[in-house]
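Let's take a walk through this one, starting with charges and ending with the core. Have the viewer open as you read.

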Amino acid sequence: MMSNPLEYEDRQLTCGDCGEGYVWSAKDQEFYKSKDYEQPKRCPPCRQAKKQARERSGQDRAGNR
């Protein structure tokens, strides 16, 4: 069952990595809820950097076999 998007409002959050404020949109909140994800702890740029670091780390391990 889809949630009513009117239940959500944009929220101001603070990134746990860089400390910058960012907006967690109502649309993103609805998406996170639909996937049963928790509230993000990082801003989008820090999440992307973390993802890229994980991918590089995985490639390094795969190349060292």
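A residue counts as exposed when its relative accessible area is over 50%, as buried when that area is under 20%, and as partly exposed in between. Keep that scale handy, and bear in mind that this is a predicted model.

How many salt bridges does the structure hold? There are two. In the other pair, Arg 42 meets Asp 17, and their closest N and O atoms sit 2.7 Å from each other. Arg 42 belongs to the loop between helix H1 (26-34) and helix H2 (44-63), while Asp 17 belongs to the loop between strand S1 (11-14) and strand S2 (21-24), so this bridge ties together parts 25 residues apart in sequence. Arg 42 is partly exposed, with a relative accessibility of 25%. Asp 17 is partly exposed too, at 49%.

Now for the inside. The largest nonpolar core has seven residues: Leu 13, Cys 15, Tyr 22, Trp 24, Tyr 32, Cys 43 and Cys 46. Pick out Tyr 32 from that set and see what it touches. Once neighbours within four places in sequence are set aside, Tyr 32 contacts Trp 24, Tyr 37, Glu 38, Pro 40 and Arg 47.

Technical notes: Residues are numbered from 1 along each chain as its sequence is written. This is a predicted model: local features need pLDDT of at least 70, side-chain atom pairs count only at pLDDT 80 or more; totals for chains, interfaces and linings use all residues. Side-chain values use heavy atoms; hydrogens and water are left out. A salt bridge is a side-chain nitrogen of Lys or Arg within 4 Å of a carboxyl oxygen of Asp or Glu. Helices (H or I, at least four residues) and strands (E, at least two) are DSSP runs, numbered from the N terminus. Buried means under 20% relative accessible area, exposed over 50%, partly exposed in between (1.4 Å probe, protein chains only). A nonpolar core is a set of buried Ala, Val, Leu, Ile, Met, Phe, Trp, Tyr and Cys residues joined through side-chain atoms within 4.5 Å. Contact means heavy atoms within 4.5 Å.
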